[in-house]
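Here are my notes for you to read with the model open on your screen. Take the points one by one and find each residue as you go.

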Amino acid sequence: MSLERHIEASHHEVLDPDTLMEEPVWGALSELPGHPMMWVLLLSEFAVFGILFLIFSAARIREPLVFLAGQAQLDVTLAGINTVILITSGWCAALAVSVRETGNRRMARWLLAGAMALGCVFIALKVLEYAAKAALGIGLGNADTFFTLYFLITGFHLMHVILGIVILGIVAWHDTSDNLRTGTAFWHVVDLLWIVMYPIIYLVR
Amino acid sequence: MQRIMRGHITQTWIILLVLTMLTMGAGYRSSLGLVGDAAIMIITLIKGRQLLVHFLEIRRSRFGWLFLFSLWLVIVSVANWGAANMVHFLVR
């Protein structure tokens, strides 16, 4: 091969979009389910919520009585029902991925719709919970350390539930198997964060 | 569909529901003590691990993602258990 042809072939190889697509540029992230870019976001969520949970624990040590009094005013039943709802929603989302991989797009969409509907129920119950706190005179304006962290952590999580429903809607519309894995990965992490948050904020005293 | 409904995803969902029911009752008590709180956090670790493996499908890999996420669960759970039980001793 002449030098010119070799250089031309090298350029062609470098610029070929198919070759570029096949390169494992994501490293460790490519081992996770769904698109690696979603995992860049999700890993930051693990970091942020991890820090928030540790701050909650540290504040609990500093003000034990404030935390005991605050927890006594929480609605454990409502939070438990919300846990069941999110777990069931995650079950629908996981089934949707399995069903989509068998080629049944219609059923996968129904299951995603079920997951989104349950997410909406979670939001409604959370709003009821906040309303009950407001009726007791507990709001962000007059919150102590416990309720400041309670509103911050559960409110931040609630924003993720809302975003998760939007993401599930998008992947239900653009319903490739890979998109479903990406969208449901976000939903499962939101579910996992609640599973951890529930005992930390509501149960362990 | 029936095969999937009977598969590991539904089995995981049932396990998660049962474990959630077990912990819900604990919330009505003022304090469970060291062992009770530890039991709650261990159940939470089991739930988290079930979700990671069967819903998220995080597998054992050379980069150790399952280990890292499990470690995250352990750190936040142990920190909370320790903090809550320090409260328990101080109040007594």
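1. Let's start where the two chains meet, keeping in mind that this is a predicted model. The contact draws 40 residues from chain B and 40 residues from chain A. On the chain B side, the elements giving two or more residues are helix H2 (8-24), helix H3 (33-55) and helix H4 (65-91). H4(B) supplies the largest share of that side, with 13 residues. Sorted by class, the side of chain B that touches chain A has 28 nonpolar, nine polar and three charged residues.

2. Now zoom in on one spot, Gly50(A), which sits in helix H3 of chain A. Which residues does Gly50(A) touch, leaving out those up to four places away in sequence? They are Trp72(B) and Val76(B). Gly50(A) is partly exposed, because it has 17 other C-beta atoms within 10 Å, while a residue needs 20 or more to count as buried. For a sense of distance, Gly50(A) and Thr88(A) are 38 residues apart along the chain, and their C-alpha atoms are separated by 24 Å.

3. Next, chain B as a whole. Its secondary structure comes to four helices and zero strands, so if you read from the N terminus you get α-α-α-α. Of its 92 residues, 36% count as buried. Look at the contacts in chain B with a separation of 6 or more: 63% of them are accounted for by residues 24 or more positions apart.

4. Val53(B) is in helix H3 of chain B, and with 17 other C-beta atoms within 10 Å it is partly exposed. Val53(B) lies 26 residues from Ala79(B) in sequence and 23 Å from Ala79(B) in space, C-alpha to C-alpha. Glu57(B) lies in the loop between H3 and H4 of chain B. What is phi of Glu57(B) near? The value is near 60°, which is positive in a residue other than glycine. As background, most residues other than glycine have a negative phi. Glu57(B) is partly exposed too, with 18 other C-beta atoms within 10 Å.

5. Helix H5 (residues 76-101) and helix H8 (residues 177-203) of chain A pack at an angle of about 160°, and their axes are 9 Å apart. Angles over 145 degrees count as roughly antiparallel, and H5(A) and H8(A) are therefore roughly antiparallel to each other. H5(A) passes H8(A) in a left-handed crossing. The residues making the contact include Ala79(A), Thr83(A), Leu86(A) and Gly90(A) from H5(A), and Leu180(A), Thr184(A), Trp187(A) and Asp191(A) from H8(A). By class, this contact has 14 nonpolar, five polar and four charged residues.

Key. Residues numbered from 1 in each chain as written. Chains lettered and ligands numbered in written order. Predicted model: local features only at pLDDT ≥ 70, side-chain atom pairs only at ≥ 80, totals over all residues. Axes fitted to C-alpha atoms, helices over the stretch in contact; angles between N-to-C directions. Parallel < 35°, antiparallel > 145°, perpendicular 65-115°, else oblique. Left-handed = near helix turned anticlockwise from the far one by under 90°. Contact = placed C-beta atoms within 7 Å. Nonpolar A, V, L, I, M, F, W, Y, C, P; charged D, E, K, R; others polar. Buried ≥ 20, exposed ≤ 12 C-beta atoms within 10 Å, placed from the backbone.
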